[in-house]
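Subject: Structure handover

Dear colleague,

I am passing on the structure we spoke about, and my notes on it follow below. Please read them alongside the coordinates.

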Amino acid sequence: MTHDTKYLLALNRHPYLGAKRLLALKSVYGKWRLVWEAPEHEVDKNLGSKIASALSQARANYDPEHELEIIRKINVDVVELEDENYPQALKNICDPPVLLYFRGDLTSLSGKTVAVVGSRRATQYGYRVTEEIFSPVARLGVTIISGLALGIDTAAHKAALNGGGKTVAILGCGLDQIYPASNTSLARTMVEKDGVLLSEFAPGLPSYRSNFPQRNRIIAALAQLTVVVEGLVESGALITARAALEYNKEVGAVPGDINRPQAAGPLNLIKMGALPITCADDV
């Protein structure tokens, strides 16, 4: 983290200044400090009144030095889009986060990766097949990526650890909190076992519903293959699958009982051409 990064930490707090607008500011001014110090009338002329107003609000409400203190206090690292250790897979998409907060080892994302997503209301079948399929996959050195949610996400992280492998969680909130709180111990174990917790959201930001589609695109982008284990036709897992397809990534689905609603999403994906995943060898 450079001295310049603290200004980005403060700018990243403002909800209007998303990645594209921040990068537009960076392209004009070159350094985050110069963005922070840019006169409002000048920004208005270069990039428009809404960005100029948001920048002015950020300066009034956030303190770069305080943002540094927060990062140090909660023991979190950050990586910028232009840094060498920023995940390469994210650099290749059209809407990469300009800043990532992380705790753990980013190199766990440098090898083969599979995203495993599914229903929060998983069935016993879903839990069982997640362990049976992805524990052997993790044992072979493939990093398992998911979202740390209840249900299939939790089962996927545990399967990776049970297989002696690495696992990565992408959170839809700040890294100063674990959502759900019941997975706090699991998250700690993941980091201890050379995995990583990752978020584009600033510390203190709760798990708003609107955060999860953003989070899901990161899961899809980081993985070479996204596998849906269980999920309704309209669910977060299917949003992740659609994001993977938009990024030209492979999508797989675990077939389930046609009489269970949790099987509808994966079965629909298979009808549309997703890879049927029934064992570790399929992965």
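In which helix does Ala155 lie? Ala155 belongs to helix α9, which covers residues 152-162. Please keep in mind that this is a predicted model. Ala155 counts as buried because its relative accessibility is 11%, under the 20% cut-off. Leaving aside neighbours within four places in sequence, Ala155 is in contact with Tyr127 and Thr130, and although Thr130 is 25 residues away along the chain, the C-alpha atoms of Ala155 and Thr130 are separated by 6.4 Å.

Lys26, which is found in helix α2 (residues 19-29), is also a buried residue, with a relative accessible area of 11%. If residues up to four places away in sequence are not counted, Lys26 touches Lys31, Trp32, Val35, Glu80 and Glu82.

Turning to the chain as a whole, its secondary structure comes to 13 helices and 9 strands, and 52% of its 283 residues count as buried. The C-alpha trace spans about 60 × 35 × 30 Å along its principal axes. The radius of gyration is 20 Å, which agrees with the value near 19 Å that a compact globule of 283 residues would have. Among contacts between residues at least 6 apart in sequence, 71% join residues at least 24 apart.

The largest nonpolar core has 39 residues, of which Leu11, Leu17, Trp32, Val43, Tyr101 and Leu148 touch the most other members. At least two residues of this core come from each of α1 (5-11), α2, α3 (32-37), α5 (49-61), α6 (64-73), β2 (99-104) and α10 (184-192). A second, separate core holds 33 residues, among them Val168, Ala221, Ala244 and Ala274. As for Val43, its contacts, not counting residues up to four places away in sequence, are with Leu25, Tyr29, Ala38, Gly48, Ile51, Ala52 and Leu55.

Finally, a search of the whole structure for cavities of 30 Å³ or more finds 1, and the largest cavity contains about 50 Å³ of space. Its lining is made up of Arg120, Gly147, Leu148, Ala149, Leu171, Gly172, Cys173, Tyr179, Ser207, Phe212 and Arg215, which by class gives 6 nonpolar, 3 polar and 2 charged residues.

With best regards

Definitions and conventions:
Residues numbered from 1 in each chain as written. Predicted model: local features only at pLDDT ≥ 70, side-chain atom pairs only at ≥ 80, totals over all residues. Heavy atoms only, no water. 1 Å grid on protein atoms, 1.4 Å probe; cavity = no way out; pocket = protein on both sides within 12 Å on 5 of 7 lines; lining within 4 Å. Points joined across faces, edges and corners; volume = space filled by probe spheres on them. Nonpolar A, V, L, I, M, F, W, Y, C, P; charged D, E, K, R; others polar. Helix = DSSP H or I, 4+ residues; strand = E, 2+ residues; numbered from the N terminus. Buried < 20%, exposed > 50% of the residue type's maximum accessible area, 1.4 Å probe, protein only. Contact = heavy atoms within 4.5 Å. Core = buried A, V, L, I, M, F, W, Y, C linked by side-chain atoms within 4.5 Å. Rg over C-alpha atoms; globule rule 2.2 N^0.38 Å.
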